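Here are my notes on the model. Please read them beside the coordinates.

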Amino acid sequence: MESSGSVVKEALKTLSTDVHDFCGSRVERIDASQLESTFFLRTFVLPSRPVLIENAARREGWKTEGWANKDGAYLSDLAGDELVTVAITPNGLADALTVDDASGVEVFAQPHQRRQKLADFFRDLRQTRESGAAVVPYLSAQNSSLTKELPALLPDVSPDVSWATSAFGAPPDACNIWIGDDRSVTTFHRDHYENIFVVVNGSKTFKLLPPTDTWRLGMREAPAARYDASLRLQREEPERFVRWCGLDPRTLEGLGPGPPPLEVTVRAGEALYLPAMWVHGVAQKCAEDGGPCVAVNFWYDMEFSHRWPFVKLVETLSS
């Protein structure tokens with residue numbers, strides 16, 4: 001007679017297979033010229049299906065040709081003296097499970113945050129990359145960083161995505177800018193937002209799992225820590241534990257049994273619609289000329305529907 005644990009595991013495996021069969025084995029592509037809000041809502045949002053949108057920036061009338069400048073000169077001319085929040089790590093892994101060398105204990109490592117001028121960030125990004133230093137700066141603050149820290153760049157882009165705002169019935173809650181190089185990797189996680197992610201320069205490769213696959217991620221709890229200015233990990237006080245995924249999105253080592261993640265590379269001018277609660281890990285590449293990867297994303301508020309209790313049920317069963 002099978003144990004209850006093995007029955008639950010088999011049921012979760014069946015669920016993952018069924019959901020992946022529904023979603024398909026690849027992310028659909030569509031040209032932005034074919035996209036209107038009702039079609040987008042009916043075809044992708046309601047069934048919670050990712051889609052890659054070609055020529056998205058062109059449709060919105062973005063004027064970001066200068067953003068592809070290799071050394072950031074154009075953006076520095078526009079906003080070089082503006083203070084930005086930069087995430088600093090020794091290995092490009094911010095918000096990640098990491099073994100603290102000093103204690104030998106696995107911790108949830110958060111980046112050191114440094115406020116500096118945008119022009120100085122571009123200098124540091126270039127110099128640390130060229131020198132091979134164990135210092136990786138990444139402009140990745142998620143506080144609506146484009147609108148709050150770099151509003152001087154807004155004339156080149158739109159404050160929202162027109163067809164998405166129409167579909168969701170409200171403007172985005174946040175608009176973030178991301179600038180970094182291929183040393184920075186985003187570990188698997190999910191967001192409670194509908195996400196429109198537009199790449200301006202370079203490329204980003206997303207590995208995607210539907211919300212029902214959280215049981216495959218090897219989630220575990222670790223004490224929270226943060227890198228200090230010397231990039232040594234300091235445990236939080238009072239102690240706080242964070243439940244996080246330990247998978248490296250580059251290797252997928254440790255991923256539980258089931259279908260492979262969907263994989264999609266988003267290139268300059270393209271956008272990815274990432275449905276709320278989809279698990280994603282992200283790697284990025286600089287442009288062919290070595291210019292940094294630059295992207296802008298828009299977070300739209302999600303509707304907490306009947307799907308949310310089902311996602312929580314899967315997590316409860318898997319634990």
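1. Ile-88 stands opposite His-112 in strand E7. E7 covers residues 112–117, and six bridges join it to strand E3, the two running antiparallel. Strands pair if DSSP finds at least two bridges between them. Strands (E, at least two residues) and helices (H or I, at least four) are DSSP runs, numbered from the N terminus.

2. This is a predicted model: local features need pLDDT of at least 70, side-chain atom pairs count only at pLDDT 80 or more, and totals for chains, interfaces and linings use all residues. Residues are numbered from 1 along each chain as its sequence is written, and side-chain values use heavy atoms, with hydrogens and water left out.

3. E3 also pairs with strand E8 (residues 136–138), through three bridges and again antiparallel. Here Ala-87 stands opposite Tyr-138. Six of the seven residues of E3 (83–89) are buried, so the strand is largely enclosed by the rest of the structure. Buried means under 20% relative accessible area, exposed over 50%, partly exposed in between (1.4 Å probe, protein chains only).

4. Helix H2 spans residues 37–45, with Ser-37, Phe-40, Thr-43, Phe-44 and Val-45 buried. Seen down the axis of H2, these fall within an arc of 155°, so they line one face of the helix. The arc is taken from the directions from the helix axis to the C-beta atoms. Their packing partners include strand E1 (28–31), strand E11 (193–201) and helix H8 (307–318).

5. Thr-214 sits in the loop between strands E12 (203–209) and E13 (220–227). Its relative accessible area is 9%, so Thr-214 is buried. Beyond neighbours within four places in sequence, its contacts (heavy atoms within 4.5 Å) are Arg-190, Met-219, Val-279, Val-314 and Glu-315.
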